[in-house]
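Please walk me through this protein model.

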Amino acid sequence: MTPRTRRRRAAPGSPGFLRRSQSRWGERAVRVLLVAAALVSVLTTVGIVVALIPPVVDFFGKVDFGKFITGTDWSPLFEPPQFGVLPLVTATLVVTVIALLVAVPLGLGAAVYLSEYASHRVRGIFKPVLEVLAGIPTVVYGFFALRAITPLLQRYWPGGDPPQVFNALSAGFVMGIMIIPTIASLAEDSMAAVPRSLRDGAYALGSSRMQVSTRVVFPAALSGIVAAVVLGVSRAIGETMIVAIAAGGRPNLTFNPLEGMQTMTAFIAAAGIGDLPTGSTGYQTIFAVGLLLFAITLVMNLISIRLVRRYREVYE
């Protein structure tokens, strides 16, 4: 019989002796910087809310909240002033829906191609080119919509009255082109994070590349895709220069995209650069519309977080 051997502890100072690792100053500094970055974003959001609340409270002390939400006439700078915000809200929704109809199919199609069909060389060329669109100034997109897309639509409109000079269709179309890189890049990253074993298993069962893309990869990356789409929606709702240049500056309660209309961000930009007296009711409408816009984007982000958590897939 062999004697039972006992495992001995290495003596301090010997090569086998392990000490508890001590924290380094560099790691502490990086941790402090990361915490500071997180706090800056949180404090910025809190600061925005704190800056909006006092003038909004003063505004709703003069204007009925129900008339503000349900009113159909928005003319706060004229006499008598009207404070129905529905024309601005409907214009924002119309332009955003048009942008999504353009950006979601093209963005997700580009993401599927780059993730499942393109070679490494093609992906290395086309993905940076696609992301260059995100770096173009939005004022350039606005003039492109006004000077190129609108005349093109007016010239080749199939029937009926053509789009007006300022219209929501060209603004929404160009805005959709602008947010394609956001949706495509984030969705492609989510698809690339799907384990290779899922693809190999599907191919082993005889699935085609289209079946693997639509029935395996797409559902597995659904949480990231939802987050990409919601981020694109938030950017479309908050866009200012494109709608201010191409959609027009006249509040118009209509769902006809061929007519000009004014979105919430366009009104904030137009009123903010005007000569409104500080503290007047017209000046306070900027903060009221801004808080409403902030509330809409906050609700959308909360819905996005819930959807992401619901459809998140965790792989080992």
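Start where helix α5 meets helix α6. On the α5 side, the contact is made by Thr138, Tyr141, Phe144, Ala145, Ile149, Thr150 and Leu153. On the α6 side, the partners are Leu169, Ser170, Phe173, Val174, Ile177 and Met178. Contact here means heavy atoms within 4.5 Å. By class, this contact has ten nonpolar, three polar and no charged residues. Ala, Val, Leu, Ile, Met, Phe, Trp, Tyr, Cys and Pro count as nonpolar; Asp, Glu, Lys and Arg count as charged; the others, Gly among them, count as polar.

The model is predicted: local features need pLDDT of at least 70, side-chain atom pairs count only at pLDDT 80 or more, and totals for chains, interfaces and linings use all residues. Residues are numbered from 1 along each chain as its sequence is written, and side-chain values use heavy atoms, with hydrogens and water left out.

Two packed helices are described by the angle between their axes and the distance between the axes. Helix α5 spans residues 138-155 and helix α6 spans residues 168-192. Helices are DSSP runs (H or I, at least four residues), strands are runs of E (at least two), and both are numbered from the N terminus. The axes of α5 and α6 come within 9 Å and cross at roughly 130°. An axis is a line fitted to C-alpha atoms, for helices over the stretch in contact, and angles run from 0 to 180 degrees between N-to-C directions. α5 and α6 are therefore oblique to each other. Angles under 35 degrees count as roughly parallel, over 145 as roughly antiparallel, 65 to 115 as roughly perpendicular and the rest as oblique. The crossing of α5 and α6 is right-handed. That word applies if the near helix is turned clockwise from the far one by less than a right angle; anticlockwise gives left-handed.

Now turn to α3 (residues 86-117) and α4 (residues 120-132). Their axes come within 10 Å and cross at roughly 155°. That makes α3 roughly antiparallel to α4. This crossing is left-handed. From α3, the contact uses Ala110, Tyr113, Leu114 and Ser115. From α4, it uses Val122, Arg123, Phe126, Lys127 and Leu130. These residues divide into six nonpolar, one polar and two charged.

Stay in α3 for Ala111. Is Ala111 buried or exposed? Ala111 is buried, with a relative accessible area of 0%. Buried means under 20% relative accessible area, exposed over 50%, and partly exposed in between (1.4 Å probe, protein chains only). Leaving aside neighbours within four places in sequence, Ala111 touches Ala184, Ala187, Glu188 and Met191.

Next, the rings. The whole structure holds eight aromatic pairs. Rings of Phe, Tyr and Trp (its six-membered ring) pair if their centres lie within 6.5 Å; planes under 30 degrees apart count as stacked, over 60 as edge-to-face and the rest as tilted. Phe59 lies in helix α1 and Phe83 in strand β2, so the pair ties together parts that are 24 residues apart in sequence. Phe59 is buried at 0% relative accessible area, and Phe83 is buried at 14%.
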